[in-house]
Amino acid sequence: MDSIRRDVLDFYINLGTKVIDESHDQDTTDLDKCILYIRHSTLNQETSGLQILATGALGGRFDHEAGNLNVLYRYPDTRIVLLSDDCLIQLLPKTHRHEIHIQSSLEGPHCGLIPIGTPSAKTTTSGLQWDLSNTEMRFGGLISTSNLVKEEKITVESDSDLLWTISIKKTGLSIQDHTP
Amino acid sequence: MSAMDVMIHSSSFLLPCDETSTGTRYALVVLNQSLPRFTPLLWEHAKLRLCADGGANRIYDELPLFFPNEDALAIRNRSNFLKLYKPDVIKGDMDSIRRDVLDFYINLGTKVIDESHDQDTTDLDKCILYIRHSTLNQETSGLQILATGALGGRFDHEAGNLNVLYRYPDTRIVLLSDDCLIQLLPKTHRHEIHIQSSLEGPHCGLIPIGTPSAKTTTSGLQWDLSNTEMRFGGLISTSNLVKEEKITVESDSDLLWTISIKKTGLSIQDHTP
């Protein structure tokens, strides 16, 4: 509660929003605390198809952004998507083969696969302009950026947890586009 | 006692030009995101100024906005104003720079290098290579490359720009935004970071991008590390605070050092008498 304005806080308290003050816990990021809350909520117990959407996790201070990317790595069994005006980011855990279905009117074509935490000895993809074929990726060497989606279904298989990122199109998503 | 050489870091490029030590020479690369409010200061420090493709649009559109008192926005004065901030080189694949901006700088004599044939490297990469081959790099060993606009926007672009730091560990490159700066601390050296506490901090972090660190040791931070392991999926040092004016870092892994830039003290208004 060190950023929320007093007038904003009062407004939402009056509306009945639940306010949970965690200022005593300096070890985890704000996003972390929210992920934990959601995982323990009834929403998570009711359904196996839960996905957490987060805005505002990117940009600003880089240590904040890195801490938020780390939240994806620390909860690999929870589906979390980080969203900005320009792109989205998701974790592709190494434990699974991945199929990414592209909504081509809304996202793409710019995309990338980023081995943020650990190098990847072997990654294989299909559906990209520059596919990987048991290709090594590492910081200091090759990472897949400024790639392009070529097909409506992308597949990814890797020995390492990767971040998938795809651009979000500038048109088709604003309120104006949907007002009759 | 470690036998490694010490690498010393200081954000002298955030100090007014007359206060800077003469040891370091700067080159500036402007990429295609909003200009940080201290861009005119960086421009003044730099001996070589490059715009990467759409970065030229940013100089053309946004630099006059930093000088509201000088009537730089009036059309008849704008072009005279912009002549004072003429890039030496515009380089990149030329798919973002506007035609009117390109023509303006060609007429001023800016060197334009069209690299649209080379799709394998990022715009920042191409600019780093240009600077490394330039006479500025051969004249001096104290070269530091300052880059604005490398962060934010598309994440794959940002990741590609962070990777440039890892691919040129022997070249000093600083990525700058309104909010923070980022530098590589190569594992080959012990590091001393001298903090300009009126201009940067206290928020900072050490990020093991690319490879985990088995052992990192620091001094001068609120939460120091002591042969501590860091990795994505586990602990990384974020939301840390600088406690002293000198920070030391030693690690078995290349780390990114990041520190916040203070909101006051760096805009034009703060320096106008």
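Two strands are taken to pair if DSSP finds at least two bridges between them, and the elements themselves are DSSP runs numbered from the N terminus, with helices (H or I) of at least four residues and strands (E) of at least two. The model is predicted, so local features need pLDDT of at least 70 and side-chain atom pairs count only at pLDDT 80 or more, while totals for chains, interfaces and linings use all residues. Residues are numbered from 1 along each chain as its sequence is written, chains are lettered from A and ligands numbered from 1 in the order in which they are written, and side-chain values use heavy atoms, with hydrogens and water left out.

In chain A, six strands form an open sheet whose order is 1-2-3-10-5-8 and whose pairing is mixed. Its edges are strand 1 (51-55) and strand 8 (144-148) of chain A, each of which pairs on one side only, and the twist from one strand to the next averages 25° (axes are lines fitted to C-alpha atoms, for helices over the stretch in contact, and angles run from 0 to 180 degrees between N-to-C directions).

## The four-stranded sheet of chain A

A further open sheet in chain A has four strands in the order 4-9-6-7, with antiparallel pairing. Strand 4 (98-101) and strand 7 (135-137) of chain A each have a single partner strand, so one side of each is left without a neighbour in the sheet. Neighbouring strands of this sheet are turned against each other by 35° on average, direction ignored.

Strand 4 of chain A pairs with strand 9 (residues 153-158) of chain A in the antiparallel sense over four bridges, and the bridge partner of Ile100(A) in strand 9 is Ile154(A).

## The contact between chains A and B

The contact (heavy atoms within 4.5 Å) takes 35 residues from chain A and 34 residues from chain B. Together the chains bury about 2,800 Å², with 65% of it on carbon and sulfur atoms, where buried area is the accessible area (1.4 Å probe) lost when two parts are put together, summed over both. Arg61(A), Phe62(A) and Phe139(A) supply 24% of the area that chain A buries against chain B, more than any other three residues.

There are zero salt bridges between the two chains (a side-chain nitrogen of Lys or Arg within 4 Å of a carboxyl oxygen of Asp or Glu). On the side of chain A that touches chain B, the elements giving two or more residues are helix 4 (62-74), strand 3, strand 5 (107-114), strand 8 and strand 10 of chain A. Helix 4 of chain A gives the most to this side, with ten residues.

In chain A, a cis peptide bond with omega of about 0° joins Gly108(A) and Pro109(A), and Pro109(A) has its place in strand 5 of chain A. In chain B, the peptide bond from Gly201(B) to Pro202(B) is cis, with omega near 0°, and Pro202(B) lies in strand 10 (residues 200-207) of chain B.

Asn134(A), although not a glycine, has a positive phi of about 45°, and this residue is in the loop between strand 6 (120-126) and strand 7 of chain A. Asn227(B), also not a glycine, has a positive phi of about 50° and is found in the loop between strand 11 (213-219) and strand 12 (228-230) of chain B.
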